[in-house]
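Subject: Handover of a structure for your review

Dear colleague,

Please find below the structure that I am handing over to you.

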Amino acid sequence: MAAGALFGGLAAVVSVVAIGRAWAACDVGGGGNGITLLLLAPVVWVAAAVPWLVLHGTLGRRHRGAALAVGLLFTLWFTWFLVTWLGIPDSYPAPLCPGNVPPWWPTLLPT
């Protein structure tokens, strides 16, 4: 299904960019972050696209709109999860970010 590839790719790009920005703002790691993010992008893409294939094969046969809504909700949740799990590490001492939360992070979204 093309929607899985599209939304999976979009989730991968948004996740990798947000994680990179969070790491840069909080001064996480060293020079290897670019390589890490580059290797992370295809993994995120596949992990976000596979549920779309499952939804298309199960729920999408009878309720196409419901499958699209569930797929979008999953993609949004998955992107948020990755950014908060990988981009905002609790165990890393970040002197530039109080509470290890970057200053640009929206206060409405929990970390």
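Please keep in mind throughout that the model is predicted.

The partner of Phe78 is Phe74, and the two rings form a stacked aromatic pair, with 5.5 Å from centre to centre and 15° between the planes. Both residues belong to helix H3, where they are four residues apart, about one turn of the helix. Phe74 has a relative accessibility of 23%, so it counts as partly exposed. An α-helix has 3.6 residues a turn, so residues three or four places apart point the same way.

Phe81 is partly exposed, its relative accessible area being 30%, whereas Trp85, at 55%, is exposed. Phe74, Trp77, Phe78, Phe81 and Trp85 form one aromatic cluster. In the whole structure, the search finds six aromatic pairs.

Overall architecture

The chain contains three helices and zero strands, and its pattern along the sequence is α-α-α. Along the principal axes, the C-alpha trace spans about 50 × 30 × 20 Å. Of the 111 residues in the chain, 34% are buried. Among contacts with a separation of 6 or more, 65% are between residues 24 or more positions apart.

The buried residues of H3 are Ala67, Gly71, Thr75, Phe78, Thr79, Leu82, Val83 and Thr84. What covers them includes H1 and H2.

The nonpolar core

What is the size of the largest nonpolar core, and which residues have the most contacts inside it? This core has 18 residues, and those with the most contacts inside it are Ile19, Trp23, Leu37, Leu40, Val44, Phe78 and Val83. Two or more residues come from each of helix H1 (2-26), helix H2 (33-57) and helix H3 (64-86). H1 gives the largest share, seven residues.

Leu37 illustrates how this core is connected to its surroundings. Leaving aside residues up to four places away in sequence, Leu37 touches Val16, Ile19, Gly20 and Trp23. Of these, Ile19 and Trp23 are also listed among the core residues with the most contacts.

Two individual positions

Beyond residues up to four places away in sequence, Ser15 touches Val44, Thr79, Leu82 and Val83. Val44 and Val83 are both named among the residues with the most contacts inside the core, and Thr79, Leu82 and Val83 are among the buried residues of H3.

Gly34, by contrast, is located in helix H2. With a relative accessibility of 45%, Gly34 counts as partly exposed. Gly34 and Ala3 are 31 residues apart in sequence, and their C-alpha atoms are 28 Å apart in space.

Annotation from the record

An unreviewed UniProt entry places the feature "transmembrane region" at residues 34-55 and 67-88. In the model, the chain over residues 34-55 is 100% helix and 0% strand, and the end C-alpha atoms are 33 Å apart. Over residues 67-88 the chain is 91% helix and 0% strand, with the end C-alpha atoms 31 Å apart.

With kind regards

How values were computed:
Residues are numbered from 1 along each chain as its sequence is written. This is a predicted model: local features need pLDDT of at least 70, side-chain atom pairs count only at pLDDT 80 or more; totals for chains, interfaces and linings use all residues. Side-chain values use heavy atoms; hydrogens and water are left out. A nonpolar core is a set of buried Ala, Val, Leu, Ile, Met, Phe, Trp, Tyr and Cys residues joined through side-chain atoms within 4.5 Å. Buried means under 20% relative accessible area, exposed over 50%, partly exposed in between (1.4 Å probe, protein chains only). Contact means heavy atoms within 4.5 Å. UniProt positions are given in the numbering used here, feature names are shortened, and annotations may be inferred rather than shown by experiment. Rings of Phe, Tyr and Trp (its six-membered ring) pair if their centres lie within 6.5 Å; planes under 30 degrees apart count as stacked, over 60 as edge-to-face and the rest as tilted.
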